[in-house]
Amino acid sequence: MIQRQSVLTLCDQLLIESKLICDSVEKHYIIQKVANHIWDRVTEIKEICSVDKYDIFFNGKVEIGKSTAICTLFNLVDKDGFMENKKPSDALLLKTAPGRTTVCETVITQVEGTISKVTVEPVSADEFSVMVREYVKAISPKRNAETDSAPSVEVSRAIKNMIQIPSEFTSNEDKFEYILEKFASNSKTIDQNDLLNLLTSGILKYINYESRTQTEYFNEENDFSQWMKKIFDDINDGRLENCPLPNKIYIDLCRKDVEMNLPSFVNRVIDTRGIDVGERKDIQDAMKKKDSISLMHDRIGGFGGEVTLLNILEQVLIKENNDLKNRVYLVGLERDCQLTEESEAEGEKSRGEKIKRQQAIDTINRVGINFNTNNIVFYNSFHGIETSSSSKKIIKIDSTQYIQEKKKFFGLIENGLKNMYSEYLKELMDLLEKIHLLEKDSITDEILVKLNQCKDVVSEKRGATKSRIYDLLADLEKEILGTNPSIVRASVNRLGNYYNFNLYETIQKLGGEEFKSKCFEMKTEMVGYIKGIFGTTDGIEDVILQSILSLIDSEYYNYYEKSRSLYYENSKAELCNEQTWKKPLQYWGDGEKNYRFRVAMDLLRETKDKRVHESLSNVMIFDSFYDGLIKFMDFKQPVLDER
């Protein structure tokens, strides 16, 4: 893209000019510091814009249709099955069971080799053992539906196939009777927990998971589409004898088998595991990568209101960082003619899109997410394909409409990138003006007086922050007690590492909440006072003021993320061990009530006894935030820069 190259060229110029000021012994320390701050910002912009190809992540609730969108957008369809009198869903290459898709995250890459390959990254043996135990409990007649955890539908299906339970056994009662007869035929009258252990042990021995070491599968068939559909389905469904349960699937597609027609800005396509509940640190981390584009998919009905998506966006897209929002999109996945049939759309799809877009914007603004509202797009995977309402088979295909829908989608994503480059170009031009002012102007005594006043303001807010109290344990208790007991049980089984409730990811979120609760109001007041001190400014005074305000935001964001990261790492280091979870693990099936409450009390006690929150407070994140600002305004210290 032309805009991208213009950004990089201007970055190089600015880096040279700002470095000259940083290194000039004739310049005042404050001017050097401002130039150094500009150098840092330009370096960051250059790193962001140096990416020419992105991994594009498809995120969304289970069953929302993102895998279907991937298939139609990237030509992963069986053309022989994409015709009249056939169901369009049957032509999808990455389709498993009706209404469901993959058991795990799937990474799809177009490769230049001569053979297509599927690689499985396996679930660990320990995790698989937990899943088998949960499966046995889930189909047991003694299962407590409220408190007993159960594996997902996809995992349950895979385990069932690995055990080789006949397909005619569809009810849980039939399945349990089958495994009882197969693995514990002479032990039907033993204690329930002993029976659960016996069945789990027998199934694990039968499956012999450690011997399932075949993780690579190559296309050696003439019919690629049939091979791809079958191997993908079999891997997800646990039908391959030597294949482990996948934790992640990598699909490398050579061009002779399928041309994905990737846009020039796309490197890989990642279909993330469907979102149920939970914090989803994996998705949050992907959103923060410089080489990622994150598509957050939602249904047309209630568009923009999916609570779990909003929770993820709220944690990542805070207003002090304006970089991340440029590569995050909200995608409305339309089925049939939902947009045309939207109330007040009057039969016009574009009008329906406008209504839904405003609906999403209102929700996003109410929650307070720093989202680029231009990055809202819609897509219909089967636009231009007319199907029978009864048989769901294709009646008519309008290839032009089908292709135009894809072009429109990719065009909107690309326009978002172009707008990002344009915004950076404007920012860089502004920074160039600032550099030129720094080159010719000098620091006055009046500016130094104002900087001293600003330091006093920061020091005052630093002290006020220390008096603010945040009760992490109380909020952690609310999080646990607000989670379904069966999900808490699944988390306990994994020492807190469960994707639908990960204790350490929850504490990470609370670490961010603590930082905001203590510093956001102080920061807002601090900015107001500093603006008041400088008053109406121009020239070098304005450059210094804007640099201070920019630094406040960047330091706030950096320490917000540091706080979250430290809370995650420290809590996991202290709590993720057998000793912490010994009592909660014993609560399974003990017949006592209030399971969730007892687990919560134990975890809160462990968190308190191991002084997790206290040790984090001692890291002095909040002091570091304010100290960095004071140091920037201190005109008595030289800039030590080894660049």
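Tutor: Let's start with the term itself: rings of Phe, Tyr and Trp (its six-membered ring) pair if their centres lie within 6.5 Å, with planes under 30 degrees apart called stacked, over 60 edge-to-face and the rest tilted. This is a predicted model, where local features need pLDDT of at least 70, side-chain atom pairs count only at pLDDT 80 or more, and totals for chains, interfaces and linings use all residues. Residues are numbered from 1 along each chain as its sequence is written, and side-chain values use heavy atoms, leaving out hydrogens and water.

Student: Which residues do ring pairs link into a cluster?

Tutor: Phe515, Phe520, Tyr556, Tyr559, Phe622, Phe625 and Tyr626. The structure holds 19 aromatic pairs.

Student: How do I read one pair?

Tutor: A pair of aromatic rings is described by the distance of the centres and the angle of the planes. Take Tyr556 and Phe625: their centres are 6.0 Å apart and their planes at 80°, an edge-to-face pair.

Student: Are Tyr556 and Phe625 buried or exposed?

Tutor: Buried means under 20% relative accessible area, exposed over 50%, and partly exposed in between (1.4 Å probe, protein chains only). Tyr556 is buried at 1%, and Phe625 is buried at 0%.

Student: What about charges and rings?

Tutor: A charge sits over a ring if NZ of Lys or CZ of Arg is within 6 Å of the ring centre and within 35 degrees of the ring normal. Here the charged end of Lys281 is over the Tyr568 ring, 4.7 Å from its centre. Arg489 lies over the face of Tyr595, 4.1 Å from the ring centre.
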